[in-house]
Amino acid sequence: SKKGERKMRKATVSRKTKETDITLTLCLDGSGKTDIDTGIGFFDHMLTALAVHGGMDLAVKCRGDLNVDGHHTVEDIGIVFGKALSEALGDKKGIRRFGCAYVPMDESLARSVIDLSGRAYLNFDATGLSGMIGGYDSSLTEEFFTAVCSNAFMNAHIDVIRGRNAHHICEAVFKSFARALKEAKKVTGDDIPSTKGSL
């Protein structure tokens, strides 16, 4: 490629266990193109929102033990998404690193603040997020983001500031995280944004 041109930051990760069989492709420099089939309609909807609002292309194919429940499917996709994010970010050269976004959805308001720090930590405070949304158990939202942070080695603080409707709260959470990630992964220079010299 010509000098000054960056290669697309992209990764494909597959993971197969007794419970799930997942293949996920993530392109960080995408336009929100998606091809998502997890077997859980509302979760497909949230992953689509994550890609569109995060400025990423995302393809996910998952065959999970949905006859048991959605837990393994949601958590394992979080693991695979986190691994793909870490791989696609590479050495993180020139990225902004930090991101923050507030997103409202009707009566709900969520804030996500993230640091692509190389250290895994999630603080998740989502009062009002409980019960089923279609075939999706909304309590699995925390499991998803825990798995993402652990496997992408990132720090995230996700707070639901207010909200009553679980669908609205969940959507605000996913979109705020996506917007914060879009900011943090943006390439703004050539340096590693850390006093340590590596992330």
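This is a predicted model: local features need pLDDT of at least 70, side-chain atom pairs count only at pLDDT 80 or more; totals for chains, interfaces and linings use all residues.
1. Residue S108. S108 belongs to strand β6, which covers residues 108-115. With a relative accessible area of 2%, S108 is buried, because buried means under 20% relative accessible area. The side chain of S108 forms a polar contact with the side chain of E107, at 2.8 Å.

2. Surroundings of S108. Which residues does S108 contact, once its neighbours within four places in sequence are left aside? They are V103, R162, G163, R164, N165, H168 and I169. The sequence separation between S108 and A172 is 64 residues, yet their C-alpha atoms lie 6.9 Å apart in space. The reader may wish to locate S108 and A172 in the sequence and then in the structure.

3. Residue T38. The loop between β3 (34-37) and α1 (41-54) contains T38. Is T38 buried or exposed? T38 is buried, and its relative accessible area is 0%. The side chain of T38 takes part in two kinds of pairing that deserve attention: it reaches the backbone nitrogen of I40 at 3.1 Å, and it makes a polar contact of 2.5 Å with the side chain of D44.

4. Surroundings of T38. Not counting residues up to four places away in sequence, T38 touches F43, D44, L47, V60, C62, L66, T73 and I77.

5. Packing of α1 against α4. Helix α4 spans residues 166-184, and its axis lies 7 Å from that of α1, at an angle of about 30°. The two helices α1 and α4 are therefore roughly parallel to each other, since angles under 35 degrees count as roughly parallel. The crossing of α1 with α4 is right-handed.

6. Residues between the two helices. On the side of α1, the contact is made by F42, F43, H45, M46, A49, L50, H53 and G54. On the side of α4, it is made by H167, C170, E171, F174, K175, F177, A178, R179 and K182. Sorted by class, the contact of α1 with α4 comprises nine nonpolar, four polar and four charged residues.

7. Positive phi at D106. D106 sits in the loop between β5 (98-105) and β6. What is the phi of D106? It is near 55°, a positive value in a residue other than glycine. D106 counts as exposed, at 63% relative accessibility.

8. Positive phi at F153. The loop between α3 (140-152) and β10 (155-162) holds F153. The phi of F153 is likewise positive, near 50°, and F153 is a residue other than glycine. F153 is partly exposed, with a relative accessible area of 40%, because that class lies between the limits of 20% and 50%.

9. Residue K16. Strand β1 (residues 10-16) includes K16. K16 is exposed, at 65% relative accessibility, since exposed means over 50%. K16 and L140 are 124 residues apart along the chain, and their C-alpha atoms are separated by 20 Å.

Terms used: Residues are numbered from 1 along each chain as its sequence is written. Side-chain values use heavy atoms; hydrogens and water are left out. Helices (H or I, at least four residues) and strands (E, at least two) are DSSP runs, numbered from the N terminus. Buried means under 20% relative accessible area, exposed over 50%, partly exposed in between (1.4 Å probe, protein chains only). Contact means heavy atoms within 4.5 Å. A polar contact is a pair of N or O atoms within 3.5 Å; within protein, one must be able to donate a hydrogen and the other to accept it, and residues adjacent in sequence count only if both atoms are side-chain atoms. Axes are lines fitted to C-alpha atoms, for helices over the stretch in contact, and angles run from 0 to 180 degrees between N-to-C directions. Angles under 35 degrees count as roughly parallel, over 145 as roughly antiparallel, 65 to 115 as roughly perpendicular and the rest as oblique. A crossing is left-handed if the near helix is turned anticlockwise from the far one by less than a right angle, and right-handed if clockwise. Ala, Val, Leu, Ile, Met, Phe, Trp, Tyr, Cys and Pro count as nonpolar, Asp, Glu, Lys and Arg as charged, and the others, Gly among them, as polar.
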